[in-house]
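This report describes a ligand site, some salt bridges and a surface patch. Please look at the sequence and the structure first.

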Amino acid sequence: MSFIAVILAAGNSKRMVSSRSKVLHEILGDSSLLWALRAIPKEVKNTVIVINKNHDEIKRLVKVWEDKKLFSTSVYFAVQSSTVGTAHALLSAKPLIDKFNATNVLIMSADVPLIMESSLSKLIKKCPSLAVADFIEPNGYGRIFLKKDGIHLASIVEDLDTNKMQSRHRVVNGGIYALPCKKIFPLLKMVKNTNKQKEFYLTDAINILAENQKIESVPIDSQELFGLNTRTDLSLLQNYAKNRVNSRWLKSGVTILDPSTTFIGPRVKIGSDVLIEPNVTLIGAVTIGTGSIIQAGSRIEDSKIGNHTVIKPYTLIDRSVLTNHVVVGPFARLREGTELSDHVQIGNFVETKKAKISKGSKANHLTYLGDVSIGTNSNIGAGVITCNYDGLKKHKTVIGDNVFIGSDTQIIAPIKVGDGTLVAAGTTVTVDIPSHHKAKSRVPQVNRPLKKAKK
Ligand code: UD1
Ligand code: MG
């Protein structure tokens with residue numbers, strides 16, 4: 001039984017009131033479409049994403065995710081000529097499906113992000129099948145009516161086409177189906193758009209199929225089938241995803257002091273005995289090592305934090321690597337390409353970018369370190385600035401081991417500061433300093449008594 005997946009993503013996102021496709025809106029930092037792609041079971045080798053002609057952004061992002069290996073299936077695109085309904089969308093994928101000669105199709109919606117791989121595997125096993133759930137508030141969803149056996153589909157009635165009685169029915173269609181290609185595709189052309197939305201409904205084709213074919217309804221957790229159609233849905237999905245991810249980490253030995261204000265993305269990995277304080281956001285490919293502490297209000301994106309490292313309050317870390325026993329913050333900003341080795345200390349109001357700082361070195365106050373490498377056990381005083389940009393190009397600063405840079409020093413890059421060097425406070429470094437030298441550039445201070453009038 002070979003399966004191909006089709007993800008419907010061509011819709012116009014009218015209810016989101018957005019210039020972007022709704023399937024690119026993010027839940028815990030990952031797009032709805034990426035969540036759907038990631039859930040596709042390993043055995044489904046190929047996937048067709050149906051997009052519309054304005055969806056170059058989707059193509060571009062899928063390529064980025066593919067390069068980062070964020071999902072395992074191979075992706076192909078089909079373009080739906082005009083977005084006139086889900087039946088027409090699925091039909092747009094037919095040429096590609098014929099090419100792959102698949103027996104069955106796993107049909108998914110890119111706006112149903114929280115579906116789990118295990119649930120999709122269940123649907124595949126029970127093919128022909130569809131995902132259903134009991135919703136306390138079923139408004140907006142197609143309603144599922146079963147045959148007398150209570151298992152197989154009798155019909156799906158779209159929300160806008162329900163009568164009063166049907167609209168009270170709480171079992172909804174999740175928009176995810178496992179169906180035999182030979183049976184569903186011929187029916188797609190038979191569907192008419194004589195409904196309130198004047199759309200060609202995939203659910204109408206499934207209703208025709210259900211007349212002669214048993215389609216098993218597979219109950220799935222309602223949050224997994226929650227759809228992204230409005231901004232309210234987006235905030236609810238964010239909440240559901242947050243609770244799901246946080247409870248997994250709580251169970252595996254991570255302390256999260258206030259899970260309601262802690263946002264941990266689905267690709268984050270956390271070691272045991274990590275402590276996370278309130279209002280922390282960890283987004284993208286973040287790794288936190290054993291015993292580390294992330295204090296209140298910090299945000300970490302696409303970065304690696306080693307073991308027993310402390311991130312003090314209100315620190316921002318982006319695309320950086322920190323090893324073990326590092327201390328950063330409060331109010332520090334580590335930008336892309338920052339690499340901090342063991343026992344490095346970065347203090348308040350320090351900004352780093354492309355800064356490689358070796359073991360035991362410190363920059364504790366009000367400093368900018370850009371395009372710089374710093375050796376071991378060096379001390380960068382308060383208010384030191386690496387002047388790395390001349391208005392056209394960026395230049396590098398290389399600082400050796402056991403260097404002491406006094407406060408309020410400006411280093412006009414490119415510059416090399418040798419090992420064991422001492423730079424006096426207030427120096428403007430404009431030429432390289434050899435190892436074991438002292439550098440000082442200061443206008444000599446003159447003290448004169450104030451004249452009476454000036455006093
Ligand atoms: C659909 C189902 C509904 C189900 C719900 C579950 C139909 C007719 N209805 O409704 O029974 O309860 O999903 O979430 O299928 N799309 C296209 N091309 C189009 C229209 C839509 O690719 O022409 C895509 C959208 O981008 C979206 C998916 O198909 O990812 C579903 O479309 P949407 O408009 O959200 O359908 P619902 O009203 O949610
Ligand atoms: Mg929808």
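## Terms and model

A residue is called buried when its relative accessible area is under 20%, exposed when it is over 50%, and partly exposed in between (1.4 Å probe, protein chains only). This is a predicted model, in which local features need pLDDT of at least 70 and side-chain atom pairs count only at pLDDT 80 or more, while totals for chains, interfaces and linings use all residues. Residues are numbered from 1 along each chain as its sequence is written, and side-chain values use heavy atoms, with hydrogens and water left out.

## Salt bridges

A salt bridge is a side-chain nitrogen of Lys or Arg within 4 Å of a carboxyl oxygen of Asp or Glu. By this rule there are 14 salt bridges.

One of them joins E57 to R20, with the closest N and O atoms 3.6 Å apart. E57 belongs to helix α2 (residues 56-67) and R20 to the loop between β1 (3-8) and β2 (26-27), so the pair ties together parts that are 37 residues apart in sequence. R20 is partly exposed at 33% relative accessible area, and E57 is partly exposed at 32%. R20, E57 and R60 are linked in a network of salt bridges.

R299 and E301 also form a salt bridge, with their closest N and O atoms 3.1 Å apart. R299 is partly exposed at 36% relative accessibility, as is E301 at 26%.

## Ligand 1

A polar side-chain atom of Q80 lies 2.7 Å from a nitrogen atom of ligand 1. Taken alone, ligand 1 exposes 760 Å², of which the protein buries 93% (Shrake-Rupley method, 1.4 Å probe).

Methods:
Chains lettered and ligands numbered in written order. Polar contact = N/O pair within 3.5 Å; in protein donor to acceptor, adjacent residues only side chain to side chain. Helix = DSSP H or I, 4+ residues; strand = E, 2+ residues; numbered from the N terminus.
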